[in-house]
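Take a look at the picture, and then let's go through it piece by piece.

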Amino acid sequence: SYQYVYHMQGVSKTYPGGKKCFENIHLSFLPGVKIGVVGVNGAGKSTLLEVLAGVLNPSAGGVFLGPGEKNLMDLPVHERAQIISYLPQTRPLYWAMRVVDVVRLGRYAFGGNLAETTSRADEAVSEAIKQVGLTGFEERSVHQLSGGEQARVHLARALAARTPILLADEPIAALDPAFQFDVMKILKSRAREGRHVVAALHDLRLAAQFCNRIIMIDQGTIVAHGMPSDVLTPPRLKEVFRISGQWTDGRLDLSAL
């Protein structure tokens with residue numbers, strides 16, 4: 001079942017030196033809903049996802065998930081990884097691994113080829129590679145791929161985990177326009193399966209088109225959250241992003257001020 005309770009309760013994050021990123025944030029994330037997190041560079045999108053993933057420990061409050069309303073940071077790392085799949089913004093590849101081996105790392109928390117049946121792992125890996133359009137690339141070294149192709153390998157690794165919660169930080173960066181659409185469709189389909197899907201995004205048009213809900217962050221503050229048309233309003237687009245925007249026939253049109 002993907003019906004996890006998943007919410008941030010009173011979360012604050014202060015970095016060494018006293019710089020505050022968040023203060024007293026309360027957010028709930030519903031299964032079956034694709035949520036886009038938007039904001040300018042440095043607004044706090046990546047930090048929000050890192051706290052949600054359990055990569056960063058909040059200075060106050062906590063991230064709770066169920067059943068049982070457990071504090072995420074109280075769970076062993078391997079249990080977190082069985083529930084949450086996290087695609088970070090920075091994804092270095094230091095070793096010349098095969099594509100299939102990088103994607104298979106998404107199954108590591110489930111025991112890889114040891115505790116997990118090989119057929120289940122192989123199915124998950126094969127499906128993920130197919131979804132990102134890299135069938136036929138399985139035996140290639142990741143160092144032989146373009147930046148965009150490497151980004152798709154990392155997305156496949158996250159998809160192969162088949163976790164109830166999928167967090168993605170800039171999943172469409174460095175991708176060709178056609179693949180940007182494909183990735184947004186993939187993430188939305190994961191949400192429709194009943195998973196929690198949260199993605200930090202820079203492209204406001206694609207966020208408006210493919211996300212069911214939007215969280216807008218400005219300097220560590222949640223400015224608004226809700227339906228795309230309720231959050232991405234002309235006044236907020238002007239104030240937060242310094243751009244002009246309006247909704248026409250359900251589509252968000254943007255232009256410079």
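## Helix 5, wrapped up

Let's begin with helix 5, where G148, E149, A151, R152, V153, H154, L155, A156, R157, A158, L159 and A160 are buried. Buried here means under 20% relative accessible area, with exposed meaning over 50% and partly exposed in between (1.4 Å probe, protein chains only). Helices (H or I, at least four residues) and strands (E, at least two) are DSSP runs, numbered from the N terminus. Because 12 of its 14 residues are buried, helix 5 is largely enclosed by the rest of the structure. Those buried residues pack against strand 6 (84–87), helix 3 (99–104), helix 4 (118–131), strand 7 (165–169) and helix 6 (177–192), with contact meaning heavy atoms within 4.5 Å.

How far apart are the end C-alpha atoms of helix 5? They are 20 Å apart, which agrees with the 20 Å that 14 residues should span at 1.5 Å a residue; the expected span is 1.5 Å times one less than the number of residues. Just past helix 5, R162 has a positive phi of about 55 degrees.

## A note on the model

This is a predicted model, where local features need pLDDT of at least 70 and side-chain atom pairs count only at pLDDT 80 or more, while totals for chains, interfaces and linings use all residues. Residues are numbered from 1 along each chain as its sequence is written, and side-chain values use heavy atoms, leaving out hydrogens and water.

## The nonpolar cores

A nonpolar core is a set of buried Ala, Val, Leu, Ile, Met, Phe, Trp, Tyr and Cys residues joined through side-chain atoms within 4.5 Å. The largest one here has 49 residues, and V38, V103, V153 and L232 have the most contacts inside it. Helix 5 (residues 147–160) supplies the largest share of this core, seven residues. Apart from it sits another core of 32 residues, including V33, L72, L75 and Y86.

What does V153 touch, leaving aside neighbours within four places in sequence? Its contacts are V99, V102, V103, L134, V142 and L145.

## The sheet and its helices

Six strands make an open sheet in the order 6-7-8-3-9-10, with mixed pairing; two strands pair if DSSP finds at least two bridges between them. Strand 6 and strand 10 (221–226) are at the edges with a single partner strand each, so one side of each has no neighbour in the sheet. From one strand to the next, the twist averages 15 degrees. Axes are lines fitted to C-alpha atoms, for helices over the stretch in contact, and angles run from 0 to 180 degrees between N-to-C directions.

Strand 7 and strand 8 (residues 196–200) run parallel, joined by five bridges, and A168 stands opposite A199 in strand 8. Helix 5 packs on the sheet too, touching strand 6 and strand 7, and its direction makes about 175 degrees with that of strand 6. Helix 1 lies across strand 3 (34–38), strand 6, strand 7, strand 8 and strand 9 (213–218), at about 155 degrees to strand 7.

T47 is part of helix 1 (residues 45–53), and its relative accessible area of 9% makes it buried. Not counting residues up to four places away in sequence, T47 touches K13, Y15, C21, F22 and L56.

Elsewhere, strand 11 (residues 243–248) and strand 12 (residues 251–256) run antiparallel, joined by six bridges. They form a hairpin with two residues between them, and D249 in the turn has a positive phi of about 55 degrees.
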